[in-house]
Amino acid sequence: MSVFSRLAAAVLLAFAMLPSISWSESVDLGRIMFLGNSYIEGHDSPNLSWQGGARKVVEDILKDASAKFEFVGRNDWNSAGMANPLHNGYGGKGIDDLINGFTREGVSMGRLADWVQESNANIYVIDIGRKNEEGTTVDELKTQFTRFVNEIYSVNSEARIIWTEQVSPKAVWFPTAEEHLTKVNEALRQVSAEQILQGRQLQIVQAARDWDPDAYLDTDGIHANDAGYSYLGRKQAAMILQQAPPAVPEPILLAGLPLALAAVGRRRQKR
C-alpha cells in the first residue's frame, strides 16, 4: 500500500470515529453579553413597537438565522418587546465606571469583574469609549481599552470580544467630537491587533465609515434613531455570525481530503 493510500485510510478511520453531526444542527453561539453605555442600553429607542436599540435588531437577526443564544447581564432596562432582555449597558457611564462599579437609583449595579465572573459569556458585544475622560491621546485610550479587555480575558481567555467603532454625533452641535472619535477608533484598531497577536479574539465592528449622522441620529444629535440602531445592529449581528461554525460541519467538509490525497498519489505514479 502506498504512503498516500495509508494516509487516506487513516483519515477515513479518524472521521469514522467522530460523532455524527446533523446537517440541520443550528449554530450555538452560547451566552452573549452586551456591555457599554447608552448606545448598548438603547437610549430613547424611538419606535414604540420595540426598545433595546441595536440589541433588539441583533436578537431578531440571530433568531432569523436559527442560531441558539442567550443574552446575559444584570440590567433589563429599556428592553420592552425583547425575548432576551438582559445586558450591561448603562447610559452616561464610561470605562472607569464599569471597571470600578457604580450605583443606579441607590442600587449597586456591581462592576465588570462581577458581571464576567457570574455570566462567563462566550461573546461580549461592546460599545463604549466616546467619553473624553477615557483619554486625550491614542496611547491613553489604548491603555483604557486594554484594561477593559483584560478584565474579560482574565476570566475567559477563549471569549470573543466584538467592539463597535464609535460613531459621530451631529457636527453642528458637537464640532470637536470627530477628532476625538478618530483617535478612539485608531486606538481600538491597535488594541485589536495587539490582542490578536496574543491569540485572543478581539474584532472591531467597522461602523464609522458609512455612518450618516443626518440619517441615523435622533433629535438630540448624539443618540441613534431607529435607522441608526438598525444600522448598528446589522453590523454587530454580521460580526457575531461571521466566525460561527460552518453550516456544513467540518467533518463533512474535510471528508473529501482522502480522495484528494489519493488523486495526488495517482498523478505522482503516472510521472
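Reply: A residue is called buried when its relative accessible area is under 20%, exposed when over 50%, and partly exposed in between, as found with a 1.4 Å probe and protein chains only. The structure is a predicted model, in which local features need pLDDT of at least 70 and side-chain atom pairs count only at pLDDT 80 or more, while totals for chains, interfaces and linings use all residues. Residues are numbered from 1 along each chain as its sequence is written, and side-chain values use heavy atoms, with hydrogens and water left out.

Helices (H or I, at least four residues) and strands (E, at least two) are DSSP runs, numbered from the N terminus. Just after the helix, S66 takes a positive phi of about 60°.

E59 and K56 meet in a salt bridge, with N and O 3.7 Å apart; the term requires a side-chain nitrogen of Lys or Arg within 4 Å of a carboxyl oxygen of Asp or Glu. Side chains of opposite charge can pair when their charged atoms come close. Because E59 and K56 are 3 residues apart in α3, about one helical turn separates them. E59 counts as buried because its relative accessibility is 0%, and K56 is likewise classed as buried, at 12%.

Elsewhere, R147 forms a salt bridge with D96, and their closest N and O atoms are 3.0 Å apart. R147 belongs to helix α6 (residues 138–153) and D96 to helix α4 (residues 95–100), so this pair ties together parts that are 51 residues apart in sequence. R147 is partly exposed, with a relative accessible area of 33%, and D96 is also partly exposed, at 34%. A further salt bridge joins the side chains of D210 and R209, at 3.8 Å from N to O. Of these two residues, D210 is partly exposed at 44% relative accessibility, whereas R209 is exposed at 76%. Returning to the charged residues considered at the outset, salt bridges with shared partners link K56, E59 and D60 into one network. In total, the structure holds 10 salt bridges.

Strand β7 (residues 160–164) runs parallel to β8 and is joined to it by 5 bridges; strands pair if DSSP finds at least two bridges between them. The bridge partner of T164 is V205 in β8. The loop between β7 and helix α7 contains V172, which is exposed, with a relative accessible area of 68%.

As for the whole, the protein chain has 11 helices and 8 strands. Buried residues account for 45% of its 271 residues. Among contacts between residues at least 6 apart in sequence, 74% join residues at least 24 apart.

Conventions
Contact means heavy atoms within 4.5 Å.
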